[in-house]
Amino acid sequence: MTGCNWGYGKEDGPSVWHKNYPIALGKRQSPVDIIPDETVRDFSLGPIVPDYDRCTSVNISNNGHSVVVEFVDCDDRSVIRGGPLDNPYRLKQFHFHWGGKGHDGSEHTVGGVGYTSELHLVHWNAIKYRSFREASKSSDGLAVLGIFLETGDDHRWLHVITDALYMVKYKGSVTDFKDFNPRCLLPSSLHYWTYLGSLTTPPLYESVTWILLKEPITVSERQLAMFRMLQFNAEEEDERMRMENNFRPPQPLEGRTVLSSN
Ligand SMILES: NS(=O)(=O)c1cc(F)ccc1F
Ligand SMILES: [Zn+2]
């Protein structure tokens, strides 16, 4: 598979991904609409424990679909454990999904209502698998911690990320991004919903244990607008396309149960 044949436009967006990625029509696809009254309280679900204090961020990049911050994942220096997870999962990267000006852009919705944006912290099961690539193809290979963003006051730490966005305006750009600890992006409560799902972009592998925090974090419209100055296209491409609405809409639950921590 050379190059990237999918996007978020009319011709290459989520409604046609199934043509090249038939798993898009599968039984454990993500995102989903979470209906709180239909979630099941599971008292055996312990707290989720993100342990990022020895994390090593490396760079920030524009991959033509989102802005991504990558971490050193050659050992267990930053992991998430507990909750529905049987093993610690290593932090690999985080990225965002967002909408257009004045429009929601989260992937998961709650009671049919979307948030302005959604942050995904992507982790992989290095106990059972030897690489992220191998884990990403395995049913218990990945754990993604999802955090909703709502608009309000400036987020005290998000500026560290938005200040770097001008350096990665175009697809394929990457720049150093050291000493960033994503702990500062977590809300105060770690209460969560969890369910078994998939990557929300091609290849859409059904390998993700989703852990969605119930409490959103607050960012300002001005901070969010900075994400929209990114572009889907590379610098040398003629067609300039603002990076926004890079989210997949909710997919059928297909009989899955969403569990609630409490
Ligand atoms: N949006 S996502 O967290 O499901 C995701 C994470 C990856 F590492 C790769 C593809 C993805 F779609
Ligand atoms: Zn994502």
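User: Starting with the second largest pocket, how much space lies in it?
Analyst: In this predicted model, the second largest pocket holds about 400 Å³ of space.

User: And which residues lie nearest its centre?
Analyst: Gly7, Asp12, Gly64, Phe232 and Met241 lie nearest the centre of the second largest pocket, out of a lining that comes to 18 residues. Sorted by class, that lining is made up of five nonpolar, seven polar and six charged residues.

User: OK, what about the largest pocket, how much space is in there?
Analyst: The largest pocket has about 870 Å³ of space, and of the 31 residues that line it, Phe132, Leu199, Thr201, Pro202 and Pro203 are the closest to its centre.

User: How does its lining divide by class?
Analyst: The lining of the largest pocket divides into 15 nonpolar, 12 polar and four charged residues.

User: Which strands and helices supply that lining?
Analyst: At least two residues each come from β5 (67-71), β7, β9, α2 (132-135) and β10 (142-151), and among the contributions to this lining the largest share is that of β7, with four residues.

User: Where does ligand 1 sit?
Analyst: Ligand 1 sits in the largest pocket, where the residues that surround the ligand are Gln93, His95, His97, His120, Val122, Phe132, Val144, Leu199, Thr200, Thr201 and Trp210.

User: Which elements supply at least two residues of that shell?
Analyst: Those are β7, spanning 89-98, and β9, spanning 117-124; the largest share of the shell around ligand 1 comes from β7, which gives three residues.

User: How many charged residues does the shell have?
Analyst: The shell around ligand 1 has no charged residues, and by class it consists of five nonpolar and six polar ones.

User: Then which side chain has an N or O atom 2.8 Å from a nitrogen of the ligand?
Analyst: That is Thr200, whose side chain places an N or O atom 2.8 Å from a nitrogen atom of ligand 1. As for cover, the protein takes up 89% of the 310 Å² of accessible area that ligand 1 has on its own.

User: What about the histidines, how far is His95 from a ligand nitrogen?
Analyst: A polar atom in the side chain of His95 lies 3.2 Å from a nitrogen atom of ligand 1, and for His120 the distance between a side-chain N or O atom and a nitrogen atom of the ligand is 3.4 Å.

User: Switching to the backbone, which residues does a cis peptide bond join, with omega about 10 degrees?
Analyst: Pro202 and Pro203 are joined by that cis peptide bond, and Pro203 is placed in the loop between β12 (192-197) and β13 (208-213). Both prolines are also among the residues closest to the centre of the largest pocket.

User: Last one, which residue has a positive phi although it is not a glycine?
Analyst: Asp179 does, with a phi of about 60 degrees, and its place is in the loop between β11 (174-176) and β12.

Key:
Residues numbered from 1 in each chain as written. Chains lettered and ligands numbered in written order. Predicted model: local features only at pLDDT ≥ 70, side-chain atom pairs only at ≥ 80, totals over all residues. Heavy atoms only, no water. Near = heavy atom within 4 Å. Polar contact = N/O pair within 3.5 Å; in protein donor to acceptor, adjacent residues only side chain to side chain. Areas by Shrake-Rupley, 256 points an atom, 1.4 Å probe, with all protein chains shown as cover. 1 Å grid on protein atoms, 1.4 Å probe; cavity = no way out; pocket = protein on both sides within 12 Å on 5 of 7 lines; lining within 4 Å. Sits in = over half its atoms within 2 Å of the grid points. Nonpolar A, V, L, I, M, F, W, Y, C, P; charged D, E, K, R; others polar. Points joined across faces, edges and corners; volume = space filled by probe spheres on them.
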